[in-house]
Amino acid sequence: MRVAVIGTGYVGLVTGTCLADLEHEVTCVDTEREKISRLKRGEIPIFEVGLEPLVKRNAQAGRLSFTTDLAAAVRTAQVVFITVGTPSTDAGEADLTFLKGAASQIAEAIEGYTVVVNKSTVPVGSTRLVQRIIEERLEGMHEFEVVSNPEFLREGSAVNDFLHPDRIVIGSEGQRSIGVLTELYRGLNAPLVITDPASAEMIKYASNAFLATKVSYINAIANICEAVGADVREVALGMGYDKRIGFEFLRPGPGFGGSCFPKDCRALVDISSKAGYHFRLLEGVLEVNEEQMRLMVEKVRRRLDPLAGARIGVWGLAFKANTDDLRESPAVRICRLLLGEGASLAAYDPAAMEAAAGELPGAAFAKDPYEAAAGADLLLLLTDWDEFKWVDFRRLKGLMARPVIVDTRNCLDPLTLRRLGFEYEGVGR
Ligand code: UGA
């Protein structure tokens, strides 16, 4: 099938590339000329495991191309994906400027029956909004249908998530577009959930908000475990064996972050309130998350009072491992709080350092985990990169001013560290 993908950000690039890998003919469109030129040269603007070879392979096979010419890509496409950004406004509302712009431009270019697919996370009702915008402009000249097909990709495992999804959700009011999308995804082995557009849009928010709830829940349980002498990892294990609960998303940490959970939870609170329902549970999830970041600072303060003048080595700045993304990263928030208290920081992250320099004025950046810890009064682990597990801790101890580690991700082994003479504190254990 001939496919156009409008918006070559994270979701667009992964979607376009994976669809090309399923042997469709895909054109990825973006307004940023520089980004498109780089992609044409085979340079990937984002950090995502397994994406680069896939882009190269499909571009070389002639199935994947990049352009700034939206009209040309849409004109020949049978399926057009909208994967533009939907940032949140200060009030927590999703900003639909890019979505509306894309819909108008698509309408100008459509020729022949086209299925327009909304993949961005958008408030309930947006698929109908796109339908109306295109309808008004087309005035019946060409046939088209608009479908909601939310994505469930995780940064760091997006390619794998696309090619091996747990489910594919298609929200449509017309049989013909359902047929087209079923055909498009024929190469994937996953249950299809075929529903109406509003339910499809709601599935995305409800899923992300539920996963965020799981994280806040286990963070709250971790805090109680600490107070009563239980180990949250044992508790999560014991809970996870219950199939109704499951093992996933029960790892406590410094709070959830990234470009999705915080934004989507806020958007769902906003959607609910406009619909006349006060979503107290989800407000609580967000509150627990904010509190969790502050509690991590308190953990540090308990071992380093006063914070002013203390030297802290920081491991990890990205919002989670295997990404260079700093958006709403708890690590960055915690670093800012510590800098605000007058602590001096030397930070290291395997992928996010370049971007972090602008986010954390006043912090020093180290070239490796050892340099970050050298001379430190305390080492603070904030992101769960595997690299930190394989450090030579004997050597590390010799470098630090005081051998104290606060591990906000429970990444390290307390027994080994204590045996080596470290003071160790994790979360909820
Ligand atoms: C999330 C969802 O998992 C995807 O299904 C969804 O498609 C995506 O949002 C999106 O809406 O685009 P992502 O933001 O990449 O994906 O990251 P997650 O792996 O879900 O992690 C989110 C946050 O929760 C991270 O800060 C992570 O460290 C934290 N987390 C996750 C925990 O603290 N504990 C856990 O057990 C799991």
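Let me start with one definition: a residue is buried when its relative accessible area is under 20%, and exposed when that area is over 50%, with partly exposed in between. Valine 297 comes out at 4% relative accessibility, so valine 297 counts as buried. Its place is in helix H12. Keep in mind, everyone, that this is a predicted model.

While we are on valine 297, here is a distance across the structure. Valine 297 and threonine 17 are 280 residues apart along the chain, and their C-alpha atoms are separated by 41 Å.

Now, on to the aromatic residues. How many aromatic pairs does a search of the whole structure find? The search gives 10 of them. One is tyrosine 241 with phenylalanine 247: the ring centres are 4.8 Å apart and the planes meet at 85°, so this pair is edge-to-face. What about the accessibility of the two partners? Tyrosine 241, with 60% relative accessibility, counts as exposed. Phenylalanine 247 has a relative accessible area of 44%, which makes it partly exposed.

Let's move to another pair, tyrosine 348 and phenylalanine 388. Here the ring centres lie 6.3 Å apart with the planes at 75°, so this one is edge-to-face too.

The charged end of arginine 167 is placed over the ring of phenylalanine 152, at 3.6 Å from the ring centre. In the other case, arginine 176 lies over the face of tyrosine 113, and the distance to the ring centre is 3.5 Å.

Phenylalanine 152 brings us to the ligand. A polar backbone atom of phenylalanine 152 is 3.3 Å from an oxygen atom of the ligand. How much of the ligand does the protein cover? On its own the ligand has 720 Å² of accessible area, and the protein covers 94% of that.

Which elements give two or more residues to the shell around the ligand? They are helix H9 (197–228) and helix H11 (261–274). H9 gives the most, with three residues. There are 19 residues around the ligand, and those that come nearest are Glu151, Leu153, Glu155, Lys204 and Asn208. By type, the shell divides into nine nonpolar, two polar and eight charged residues.

Next, some backbone details. As a reminder, most residues other than glycine have a negative phi, and most peptide bonds are trans. Where does this model have a cis peptide bond? One joins aspartate 305 and proline 306, with omega at about 5°. Proline 306 lies in the loop between helix H12 (280–303) and strand E9 (311–315).

Phenylalanine 249 has a positive phi, near 60°. You can find phenylalanine 249 in the loop between helix H10 (232–240) and H11. With 22% relative accessibility, phenylalanine 249 counts as partly exposed. For asparagine 322, phi is near 65°, again a positive value in a residue other than glycine. Asparagine 322 is in the loop between E9 and helix H13 (330–340). Its relative accessible area is 38%, so asparagine 322 is partly exposed.

One last stop, at serine 88. This residue is in the loop between strand E4 (79–82) and helix H5 (97–109). At 26% relative accessibility, serine 88 is partly exposed. From serine 88 to glycine 125 there are 37 residues in sequence and 16 Å in space, C-alpha to C-alpha.

Methods
Residues numbered from 1 in each chain as written. Predicted model: local features only at pLDDT ≥ 70, side-chain atom pairs only at ≥ 80, totals over all residues. Heavy atoms only, no water. Phe/Tyr/Trp six-rings, centres within 6.5 Å; stacked < 30°, edge-to-face > 60°. Buried < 20%, exposed > 50% of the residue type's maximum accessible area, 1.4 Å probe, protein only. Lys NZ or Arg CZ within 6 Å of the ring centre and 35° of its normal. Near = heavy atom within 4 Å. Polar contact = N/O pair within 3.5 Å; in protein donor to acceptor, adjacent residues only side chain to side chain. Areas by Shrake-Rupley, 256 points an atom, 1.4 Å probe, with all protein chains shown as cover. Helix = DSSP H or I, 4+ residues; strand = E, 2+ residues; numbered from the N terminus. Nonpolar A, V, L, I, M, F, W, Y, C, P; charged D, E, K, R; others polar.
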